[in-house]
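Subject: Structure handover

Hello,

Here is the structure for your files. My notes on it follow below.

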Amino acid sequence: MRRMLPLLAALVLLLTGCSGLPYPREMGDMALLRTMGVDAGEEAGQVRVTVSTGKRAAGLQGESQPPLILSAAGESLSAACLSMQGLSDSFVFYGYVDQLLLGEEAALEGVEPVLDYFSRDVELGLGAQVWLVRGGTAQAAIEAGGETGVDSRLSTLQTDSEMGAAGITRTAGEVFSSLLEQGCAYLPALRAAGAEEGEQTALLEAGYGVLRDGALAGCLEGESAKGLELLTGQTAEDIIEVDLPSGRAVARITEVSTRCEPVFQGEELTGLRLHCRAAAELAEFHEPMDQGELAQLREALEERESLRLRQVMEQLRAWGTDCTALGSQVAQANPARWEKLRGEWEERFSTIPYEVSVQVSVSRTYGDLA
């Protein structure tokens, strides 16, 4: 019985809101935020924060209401977030925020203060998914959700990514860790589309933003964005069309694996070899497809993937950003030699020769072809 008393006392404290815990509130008296956007403020030194709930229930029947959207500026993130309390009749609660949008201008100024704030705040956390809003503000992106809200769209993109049907998503913690350990990182980018009058605005995938020293160094899109996915081995399901003598063949890339092999001469690192292996399924093709055409298809796929890898490598090297952590593979291959390279890796990565080899296996859904 004596052992039960401390547990009962703790339970009483939780129910009464004592022991330093927040004052208890009814759920209906709280605005449970799901999405936060951070932009550069209108004035120098300011930051603007925009927050949104999901669709809300009202009344005993739980009728649906549009999301609540609040926006405030301040000299700091803390000041801007505190200002939200005065803009809502409900208590603003940040503990459910699981999506973080960063406006492009804010990313150009630097994202580390935002990520650090998420790591320190008692209600927020680094488990939130983080996105870059290209060519616009996070506030506009959040407001683009209208009556349905933007959180459902972001959640759909996150789920599609886990299923391999969309690009790579990253948490604030993953991006923050990459910045602290490597000095650079990548994060998925979005762009608002359909903003013309009479059209519904939507958030569409727009490649990836690349951060260096905490600030936006540039963006990857198109083939370069696909190249980044190849480097990480997390490529989204991809469709590639190839014209053959018998007609057009459509292949679906289903699996990818890329590894980096360092080349040493004595103690000197003289090059990198990127080995990419991919699996593809034929989705559409004309019968009959002989072995000659099959070889042409395979070569075309390998050439396409090789080009993507070279494009992204050239861009990342130009920025001096090993954001996919190829250096860690060099370290694993030879820890002793890596200790001598660690301090100069950024410069070495930008200039060291590299080779790319790609091997693609092609199959039908019901049997291997090659």
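A polar contact here is a pair of N or O atoms within 3.5 Å; within protein, one must be able to donate a hydrogen and the other to accept it, and residues adjacent in sequence count only if both atoms are side-chain atoms. The model is predicted: local features need pLDDT of at least 70, side-chain atom pairs count only at pLDDT 80 or more, and totals for chains, interfaces and linings use all residues. Residues are numbered from 1 along each chain as its sequence is written, and side-chain values use heavy atoms, with hydrogens and water left out.

Arginine 348
The side chain of arginine 348 comes to 2.7 Å from the backbone oxygen of leucine 269. Arginine 348 sits in helix α12, residues 345–351 (helices, H or I, of at least four residues and strands, E, of at least two are DSSP runs, numbered from the N terminus). Its relative accessibility is 15%, so arginine 348 counts as buried (under 20% relative accessible area; exposed is over 50%, partly exposed in between, with a 1.4 Å probe and protein chains only). Leaving aside residues up to four places away in sequence, arginine 348 touches Glu268, Leu269 and Leu341 (contact means heavy atoms within 4.5 Å).

Helices α4 and α7
Helix α4 (residues 112–120) packs against helix α7 (residues 172–182) at an angle of about 120°, with the axes 10 Å apart. Axes are lines fitted to C-alpha atoms, for helices over the stretch in contact, and angles run from 0 to 180 degrees between N-to-C directions. The pair α4 and α7 is therefore oblique: angles under 35 degrees count as roughly parallel, over 145 as roughly antiparallel, 65 to 115 as roughly perpendicular and the rest as oblique. From α4, Glu112, Leu115, Asp116 and Ser119 meet Ala172, Val175, Phe176 and Leu179 of α7.

In α7, the buried residues are Ala172, Gly173, Val175, Phe176, Ser178 and Leu179. Their cover includes α4, β8 (129–133), β9 (170–171), β10 (184–193) and β11 (202–212). After α7 comes glycine 183, with a positive phi near 80°.

Most residues other than glycine have a negative phi. Aspartate 213 has a positive phi of about 55° and lies in the loop between β11 and β12 (215–220). With 59% relative accessibility, aspartate 213 counts as exposed. Alanine 325 has a positive phi of about 60°, in the loop between α9 (291–319) and α10 (326–333). Alanine 325 is buried, at 18% relative accessible area.

Regards
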